[in-house]
Amino acid sequence: MPTTPEDMPDAPSSLALGVIGNGSVAVLIDERGRIVWGCLPRFDGDASFCALLSPLREGGDWTIQLEDFEHAEQHYLPNTAVLVTRLYDRDGAGVEIVDFVPRFRSNGRFYHPVLIARRVRPIGGAPRIRVWLRPLCDYGAQAPQTTSGSNHIRYLLSGVVQRLTSDVAVPMIERGLPFSLERPAHFVFGPDETLNHNPADFIHHTLERTLEYWREWVRNLSVPYEWQEAVIRSAITLKLCQYEATGAIIAALTTSIPESPHSARNWDYRYCWLRDAAFTVRALNRLGATRSMEEYIRYVFNLVAADGDREIGPVFGITFEHELTERQVESLAGYRNMGPVRVGNDAWRQRQNDVYGSVVVASAQLFFDRRLEHPGDELTFRRLERMGQMALRMAEEPDAGLWEFRGRAAIHTYSAAMCWAACDRLAHIATELGLDESARHWHSAAIALHARIEARCWSDKLGYFVDAYDGEHLDASLLLLADIGFVDGKDPRFIATVDAIGSALGRGDYLFRYIAPDDFGAPETSFNICTFWYIDALAATGRHERARAMFEHMLAQRNPLGLLSEDIAPSNGEHWGNFPQTYSMVGLIQAAMRLSRRWEDAL
């Protein structure tokens, strides 16, 4: 590996990152156009690009370094996942980097290879650049072996061999040598096979097709009148987090970005939580992007096909792995040197009973949406009934809850309410399908369960719903009781609960998920999805002005490319937690859909 010059940028110190991807692979790019995070050959694979988490050895990045760098500009091409970064030197010379991962229809199916494409062209003056392509193996533990040919370099990574094909001379890349950029340079980092076109033609063709794909996908979204740019960027980001091969939707693309500084709340989110994925599906459904729902249901049915009557875990690997054993990686110091870095997630061992309702609620539209080519039928309903049966069985059993407490269990209100939602939706679906006996069964089960939950989770003493059966605490998930239909948004009990949560968990324009100490002490950062839930609840209870003000504030907290992580520090607005967080982007979409003026009223 070549020696790094002294003026190379340090590891990223903020989450001002962009994401590009295609359903097979995704990478994060910093403000200077450096690829600093990316797992190959899939979302939960080895972090070949790991500079974001401070590897103890040099590398883990793909940098286009401009000599005498002064400043950068960055934006997405509108309505696409194609990122443009412009770098300028002290004399005004500059380069433009266009980054994308190909995705488009070809021969009746989607073309979405494990491939990153970059085009670098001069945009003024006489810029000089270096190209540093330095993936690492085993989470930064070692450099890969390489071999090269006349126009390519092969990288023997962990579990995959990638080939860089370029019209830049191989020694310039291998040794990180500076050169004057007089014409566009093209880089294709993909499967270890011969590129059938020269890199320039390949990138030109795939870029045009990829732009067409994304623009068509966005054109078919049913966006709100207001805040369209924010909603579209959120929707594209959610789409990038679904693994095409199986339909799994991951919670975030990263691992171990701490929820707050030096908190050790560092978790691996590169897996499919059934709950988080269901939230994503519901948000995309509201925008009319229903294919994600169909693919997610396929994933779930494949996941549980062989499980019989066993309990279903909360989180799985993107190719149906049930066990995600957690370990610490010593070769990465962590984001801003705040370890530990964890791979795997022991939440797979937990009981989280809301998962059954999450799957049923996310799937319900399948039976009512007449646009779908393959709507839900009785066979699909019978498969979903298994979720309802498990929901009835587990509704009043203690669990870790959606906040995944590792040190305690309770019968959590949200978990029980989601089990009720499973029964309620199954009753509606059975009615739609004309299955009268099933409809009566699930309707009766829902009514009985609803009464029991109300009796144990409403506190006359405190005057609001509490977090668990016979509990005394609040948590932000109670804000969802109206959204799932458990109570009406105008119910005085719900209004009182919303007010109590705002008072107890609010910090200015932010909301904490809970404030009671957990296994790691008291939380220090607000949880973005909870802030959006609060905004939604304010609107549902008629306080639109306050809701709109908070929503506008949250929009202003997005990073320069319109993305959000999991958490925000109320003291300074700094982003923390894994990135980009699907929960956060979901919350933005849902709040925008709730608050926006209707098209027919606006025009």
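Start by selecting strands β8 (residues 94–100) and β11 (residues 116–124): they run antiparallel and are joined by 7 bridges. Helices and strands here are DSSP runs numbered from the N terminus (H or I, at least four residues, for helices; E, at least two, for strands). Click on Val95 and look across to Pro122, its bridge partner in β11.

A word on what you're looking at. This is a predicted model, where local features need pLDDT of at least 70 and side-chain atom pairs count only at pLDDT 80 or more, while totals for chains, interfaces and linings use all residues. Residues are numbered from 1 along each chain as its sequence is written, and side-chain values use heavy atoms, with hydrogens and water left out.

Next, stay on those two strands and show the side chains of Glu96 and Arg119. They meet in a salt bridge, 3.8 Å from N to O (the rule: a side-chain nitrogen of Lys or Arg within 4 Å of a carboxyl oxygen of Asp or Glu). Glu96 sits in β8 and Arg119 in β11, so the pair links distant parts of the chain, 23 residues apart. Glu96 is buried at 5% relative accessible area, whereas Arg119 is partly exposed at 23%. Buried means under 20% relative accessible area, exposed over 50%, and partly exposed in between (1.4 Å probe, protein chains only).

Jump to helix α6 (residues 355–363), where 9 of 9 residues are buried. Its cover includes α4 (274–286), α5 (291–304), α7 (378–394) and α8 (413–433), with contact meaning heavy atoms within 4.5 Å.

Last stop: Glu259 and Arg513, a salt bridge with the closest N and O atoms 2.5 Å apart. Both residues are buried. By the same rule, the count comes to 43 salt bridges.

Definitions and conventions: Two strands pair if DSSP finds at least two bridges between them.
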